[in-house]
Amino acid sequence: MLAPRDQPEISDTELVQAAQKGDLAAFEELVARHRDKIFARAYSMMRNEEEALDLSQDAWVKGWQRLVQFQGDSSFITWMTRIVINLCLDQLRKHKRQRMESIDALDEESGGVERQMPVVEVNPTQGLERGELRQRIDAALAKLSPEHRTALVLHEFEELEYKEIAKRMDCSIGTVMSRLFYARRRMASLLASLKRESLE
Amino acid sequence: MNEELELKLQAWVDGELSGAEAERMAALASGQSEAGQLVAELREVKMAMMGADIPRSVPESREFFWSKIEGQIQSETQRAPVSKPGLMARWRRFLMPLAGLAAASCVALFTLTHPKPVTNDEFTSTDEAMDTTTFHDQSSGLTVVWLQDNDAARPTSVRPEQSDDMTVTD
Amino acid sequence: MQLTRPFSLFYLVFLAACPAWASDLTVQAQLVWGANDSQNASYAPVDTGLSAKLHRIYKWNNYFEITNEVKSIPLNESRNFKMSDRCVLKVKNLGDSRIEVSCIGQGKEVSKGSHTLAPAKWLVLGGNAKNDTAWFVGLKAVDPSLAKRQ
């Protein structure tokens, strides 16, 4: 059995191979190496620390159970990220609840509000330091609906194509395009208003 | 601009179009100011999103986080059906008489005088709504039994910068 | 239970060989509240030893002592430590510094286990409380002179 903590130079591939043979210590090392990334992805989708923790833990348990299926077609972390994304999507479907605000319902079904909005003329990101921009984007992402945010996260952070996003979100490519479009327009608007607030 | 055109412009910005369709959108973006402005806005948001994925750390120590995963893995494993009933049946036939003999010996030696010694530290939940997790911190000599109410949301409780000499027993 | 002569002899030999097993165990139980808000003037901070250990592991900034009881528990007997109106610990002395602890919340047993209280080592039971705070009960074997028999 490997003693991964004593051998930091062991690659993920070697750890995965050991874990596939039942070496739980090797799997624990993989968890330790990549837990932050998996948690961060879950958080970016759920925007709730407790849920993100639970879902990332569930993802690791599923990862262990399915490890024999991992063939190495992608990196281990990419494979694990897919697992946690699917768990988050399942959870978001469970959470889908009646929206209180009719405007949000309109957003979801037809993107009505953003469709009417003029293009943002003030460049919302101009002059912002990278760190400040990241915080603004994070704040704006938090304001999106789960469906809009998920589409944006999967496209921009996970770099998935439309058809892959459609498969994950269990919707049509047309719906993915609509959600992305209105998410981006909403982001532009939110970033602009955040910038205006900071200038006041 | 109608919605279909807007979505096609977006698809072009995202590199989802090719051939004649892509050329058509490129021409529209450069030839029509409304389309050009929309493309500029979409590109601005795309660029802003690049590298905006904020890294986050799990707000629990390595050991505490792992202890919950390990606990789940082990409980899932225990629920799995026995795969070799033949072998288990043979072991049971062999062990049962030995177990009976051992138990009888213990009773004869200890029943009247001495409580049966318990050799393992173990905490279990006696309430279905509760889970327990036990871990030991060797360096500070602390054993912690965390009682988790399954009906409540699970809050974080453990510092990330915990000692490496924590061990978990369940 | 009546002891027959052979078993009486066996018992006495046993006791002579292992005197510690026949003795009382003095246990200290502290109910501690973990919170980030430091504006809790009605409670004193928990002693520095336990506080340092809790700080090492848990995220809260402050640990307040709510109750502190010390009881002497004879061998094979139990004593109740009332931590609050809602929480009672029933601690049984199993001998050889070993205890069995039942955690009873609102009249219902929620957890049970056994543990060896080595000198100067704490056993801590904990759980979440409202408003992102936590409760802890620290158990430790202490000097018998600190206890009053009950």
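Axes here are lines fitted to C-alpha atoms, for helices over the stretch in contact, and the angles between them run from 0 to 180 degrees between N-to-C directions. The legends below describe a predicted model.

**View 1. The crossing of helices α3 and α4 in chain A.** Helix α3 (residues 49–65) of chain A and helix α4 (residues 76–95) of chain A have axes that come within 9 Å and cross at roughly 130°. Angles from 65 to 115 degrees count as roughly perpendicular and those over 145 as roughly antiparallel, and α3(A) and α4(A) are therefore oblique to each other. The handedness of the crossing between α3(A) and α4(A) is right-handed.

**View 2. The residues through which α3(A) and α4(A) meet.** On the α3(A) side the contact is made by A:Glu51, A:Leu55, A:Ser56, A:Asp58, A:Ala59, A:Lys62 and A:Gly63, while α4(A) contributes A:Met80, A:Ile83, A:Val84, A:Leu87, A:Cys88 and A:Gln91. Taken by class, the residues of this contact of α3(A) with α4(A) comprise 7 nonpolar, 3 polar and 3 charged.

**View 3. The buried side of helix α1 in chain A.** In helix α1 (residues 12–20) of chain A, the buried residues are A:Leu15, A:Val16, A:Ala18 and A:Ala19. These residues lie on the same side of α1(A), because the arc they cover around the axis is only 165°. An α-helix has 3.6 residues a turn, so residues three or four places apart point the same way. The partners against which the buried residues of α1(A) pack are α2 (24–46) and α4 of chain A. Just after α1(A), A:Gly22 adopts a positive phi of about 105°.

View 4. Of the 200 residues in chain A, buried residues make up 40%. Among the contacts in chain A with a separation of 6 or more, 60% are accounted for by residues 24 or more positions apart.

**View 5. The side of chain B that touches chain A.** Contact between the two chains involves 35 residues of chain B and 39 residues of chain A. On the side of chain B that touches chain A, at least two residues each are supplied by α1 (3–13), α3 (33–49) and α4 (62–79) of chain B, and α3(B) gives the most, with 9 residues. By class, this side of chain B has 18 nonpolar, 5 polar and 12 charged residues.

Terms used:
Residues numbered from 1 in each chain as written. Chains lettered and ligands numbered in written order. Predicted model: local features only at pLDDT ≥ 70, side-chain atom pairs only at ≥ 80, totals over all residues. Helix = DSSP H or I, 4+ residues; strand = E, 2+ residues; numbered from the N terminus. Parallel < 35°, antiparallel > 145°, perpendicular 65-115°, else oblique. Left-handed = near helix turned anticlockwise from the far one by under 90°. Contact = placed C-beta atoms within 7 Å. Nonpolar A, V, L, I, M, F, W, Y, C, P; charged D, E, K, R; others polar. Buried ≥ 20, exposed ≤ 12 C-beta atoms within 10 Å, placed from the backbone. Arc of directions from axis to C-beta.
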